[in-house]
Amino acid sequence: MLKKASTPAPAFQEHAQGDIEEMHAAAAECRRCDLYREATQVVFGEGAKRARVLLVGEQPGDREDQLGHPFVGPAGRFLDGCLEEAGIDRSACYLTNAVKHFKFKRFGKRRIHERPNTGEVRQCAWWLGGEIERLKPALLVALGATATFALLGKRHAVTADRGRIVETESGVPTLITVHPSALLRSRGRPDAEQERGRFVAELRKIRPFLES
């Protein structure tokens with residue numbers, strides 16, 4: 001049963017207009033927050049133009065920032081493997097992030113991921129909301145806490161609602177689950193394989209929406 005979200009979420013307020021290509025081009029010049037100053041480039045969403053399912057992560061990582069494509073780093077490869085195991089063709093989906101620029105701290109030559117703050121998520125929801133409006137997906141998938149906030153506001157949390165399909169105020173069903181990077185960080189723990197299996201089982205809930 002769907003559980004309705006009761007507070008406005010950033011992605012369902014004012015948003016960008018136009019088709020995906022137009023929004024992507026405009027986002028390359030985005031100055032809505034300061035993250036563009038240090039990032040290499042904007043990393044916009046990619047995938048099937050008529051995708052029934054839209055997966056939303058937190059932000060691009062170091063590899064994504066270098067290449068300009070979402071989910072092409074270690075977490076993306078992990079997600080690809082889990083999607084394949086769940087029987088889901090990634091190319092049939094659309095993958096994006098709540099925040100389109102890489103936020104990081106420098107440690108020597110390394111760039112270490114830093115979680116975007118609420119203000120940055122709210123500003124970048126301008127683009128996420130535009131992607132959702134243009135694609136009109138049958139299902140949204142919130143990968144992790146930042147995506148959950150962007151899509152559902154503060155009334156839902158991954159720890160409490162993981163594995164559930166809830167409803168945005170716009171009526172779009174949304175599956176809440178963890179970000180694949182969290183599972184990568186848990187490798188070596190006794191429950192790592194169990195958690196991966198749980199994630200794959202949650203991703204299987206996508207399949208009926210692709211087939212509808």
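1. Arg52 counts as partly exposed, because its relative accessibility is 32%; partly exposed lies between buried, under 20% relative accessible area, and exposed, over 50%, with a 1.4 Å probe and protein chains only. Arg52 is found in the loop between β2 (46–47) and β3 (53–57). Its C-alpha atom is separated by 16 Å from that of Gly129, and the two residues are 77 apart along the chain.

2. The model is predicted, with local features requiring pLDDT of at least 70 and side-chain atom pairs counted only at pLDDT 80 or more, while totals for chains, interfaces and linings use all residues. Residues are numbered from 1 along each chain as its sequence is written, and side-chain values use heavy atoms, with hydrogens and water left out.

3. The axes of helix α3 (residues 74–85) and helix α8 (residues 192–203) come within 8 Å and cross at roughly 60°. That angle makes α3 oblique to α8; angles under 35 degrees count as roughly parallel, over 145 as roughly antiparallel, 65 to 115 as roughly perpendicular and the rest as oblique. The crossing of α3 and α8 is right-handed.

4. On the α3 side, this contact (heavy atoms within 4.5 Å) is made by Phe78, Leu79, Gly81, Cys82, Leu83 and Glu85, and on the α8 side by Arg196, Phe199, Val200 and Leu203. By class, the residues of the contact of α3 with α8 are seven nonpolar, one polar and two charged. Here Ala, Val, Leu, Ile, Met, Phe, Trp, Tyr, Cys and Pro count as nonpolar, Asp, Glu, Lys and Arg as charged, and the others, Gly among them, as polar.

5. Which residues does Phe199 touch, not counting those up to four places away in sequence? They are Phe78, Leu79, Cys82, Leu143, Arg162, Thr177, Val178, Pro180 and Leu183.

6. The largest nonpolar core holds 59 residues, of which Leu55, Leu151, Phe199, Leu203 and Ile206 touch the most other members. Such a core is a set of buried Ala, Val, Leu, Ile, Met, Phe, Trp, Tyr and Cys residues joined through side-chain atoms within 4.5 Å. Helix α4 (residues 118–135) gives the largest share of this core, six residues.

7. α4 packs with helix α5 (residues 145–152) at an angle of about 65°, the axes being 10 Å apart; the two are therefore roughly perpendicular to each other. The crossing of α4 and α5 is right-handed. Thr118, Val121, Arg122, Leu128 and Ile132 in α4 meet Thr146, Phe149, Ala150 and Leu151 in α5. The contact of α4 with α5 has six nonpolar, two polar and one charged residues.

Methods:
Axes are lines fitted to C-alpha atoms, for helices over the stretch in contact, and angles run from 0 to 180 degrees between N-to-C directions. Helices (H or I, at least four residues) and strands (E, at least two) are DSSP runs, numbered from the N terminus. A crossing is left-handed if the near helix is turned anticlockwise from the far one by less than a right angle, and right-handed if clockwise.
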